[in-house]
Amino acid sequence: MRAVLCSEFGPLEGLQVVELDDPKLRSGHVRLKVLASGVNYVDGLLAQGRYQIKPPLPFVPGMEVVGEVVEVATDVSASLVGSRVLANLGFGGYATQAVAHADRLIEIPDAMTTGQAASFLQSYLTGWFAFVNRLGVDPARPAANADKWLLVLGAGGGVGLAAVDIGVALGYKVIAAASSAEKRELALARGALHALDVSSGDNEVKERAKELSGGGIDVLYDPVGGSLGEVCLRALGEDGNYLVIGFVGGIPKLPANQVLLRNRRVTGVDWGAWAMRNPEANNAMLRDILSFIEGGRLSPVEPTAYPLSKAAVALADLEARRVAGKVVLLPD
Ligand SMILES: NC(=O)c1ccc[n+]([C@@H]2O[C@H](COP(=O)([O-])OP(=O)(O)OC[C@H]3O[C@@H](n4cnc5c(N)ncnc54)[C@H](OP(=O)(O)O)[C@@H]3O)[C@@H](O)[C@H]2O)c1
């Protein structure tokens, strides 16, 4: 099979497309012909050795793929052959083949394209976990949030755009902040009421969010951090909650006095580690998300596609903020 190999931690150009032996089909597993590999921001951090987890070298990045089942182990039902499924792999997704545990394959609703299915998993599970598990929002009662304002930073990126979609589905009035017209359009298309241009400056984003929400927002969803996150903490109103999601712009230094003022809260969100410890609860969460997608209440973005051989370019474009929405790799 062909795969993108990371032989040492370093610049993304070091990723090589190589021929590797086909992965062994173990008991309980199926072989997938990969149709699309989801690309996540964290894949680039892992390949550069800039993430808190350092996989043993060499490794093939890629956590989620959509594939066609082409072979099954002798203890797995042959009826699976030919089906289009989603697999959450851990590593090994940037390849033309993958081997996945049959019990952990995820059925894809007909309503989803292969690209959507290969690229929604991490962003939507993170968002759902943040709102439902960490904030305690009841997805069955969106009316309870009808008066609440949500500000999403990085709203045209993968995680931010999913938060816009989920926030709207959960009843919030959403303000999206993003750097390009294309990213802001994507957020507005998912139901954001307002889209702010972050290039107008951190302070302007904070002031506009306060103004639009009539004095202060209720929830800040922050996958960006840095000075933008730090400044926007001040846009939170009474009992407002800052959801700490990610640090693409640097780790913010949140001033404790600003948390004390107006009885604000800061909530950490570490979906990945939680999902490893709670696989059953994570599966239940995924079923809820899929039912919202099937019912038309969530609509993951159609991703930008790059050929597998251009994985390093795709990751560099993502890191340089050139991509709106999500990215997938297609075998070439
Ligand atoms: N907490 C969790 O459980 C969890 C789970 C999954 C991912 N994450 C984290 O969430 C973060 C976002 O991931 P993602 O997949 O949404 O990434 P992404 O698709 O690349 O989007 C990130 C967005 O952040 C903005 N940004 C601002 N400053 C940036 C900078 N210096 N470099 C790059 N982007 C910058 C960009 O939007 P503008 O151009 O509009 O500013 C970009 O669209 C990552 O840190 C990831 O590790 C956390």
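Predicted model: local features only at pLDDT ≥ 70, side-chain atom pairs only at ≥ 80, totals over all residues.
Local features need pLDDT of at least 70 and side-chain atom pairs count only at pLDDT 80 or more, while totals for chains, interfaces and linings use all residues. Numbering starts from 1 along each chain as its sequence is written, and side-chain values use heavy atoms, with hydrogens and water left out.

Start with the sheet. It is open, has 6 strands in the order E10-E9-E8-E11-E12-E13, and its pairing is parallel. Strands (E, at least two residues) and helices (H or I, at least four) are DSSP runs numbered from the N terminus, and two strands pair if DSSP finds at least two bridges between them. At the edges sit strand E10 (194-197) and strand E13 (265-268), each pairing on one side only. Neighbouring strands are turned by 20° against each other on average, direction ignored; axes here are lines fitted to C-alpha atoms, for helices over the stretch in contact, and angles run from 0 to 180 degrees between N-to-C directions. Strands E8 (residues 149-152) and E9 (residues 173-178) pair in the parallel sense over 4 bridges, and leucine 150 has valine 174 in E9 as its bridge partner.

Helices pack on this sheet too. Helix H3 (residues 121-134) touches E8, strand E11 (217-222), strand E12 (236-244) and E13, with its direction at about 145° to that of E11; contact means heavy atoms within 4.5 Å. Helix H6 (residues 202-212) lies across E8, E9, E10 and E11, running at about 160° to E10.

Now for the ligand. There are 23 residues around it, and Val159, Ser179, Lys183, Val269 and Arg321 come nearest; a residue is near if one of its heavy atoms lies within 4 Å. Serine 179 places a polar side-chain atom 2.5 Å from a ligand oxygen atom. A polar backbone atom of valine 159 is 2.7 Å from an oxygen atom of the ligand, and one of valine 269 is 2.7 Å from a ligand nitrogen atom. The protein covers 88% of the 910 Å² of accessible area that the ligand has on its own (Shrake-Rupley method, 1.4 Å probe). H3, helix H4 (158-169) and helix H11 (311-319) each supply at least two residues of the shell.

Finally, the backbone. Most residues other than glycine have a negative phi, and most peptide bonds are trans. A cis peptide bond joins leucine 57 and proline 58, with omega about -10°; proline 58 is in the loop between helix H1 (41-47) and strand E4 (64-72). Arginine 262 has a positive phi, near 65°, and belongs to the loop between helix H8 (256-260) and E13.

Notes: Polar contact = N/O pair within 3.5 Å; in protein donor to acceptor, adjacent residues only side chain to side chain.
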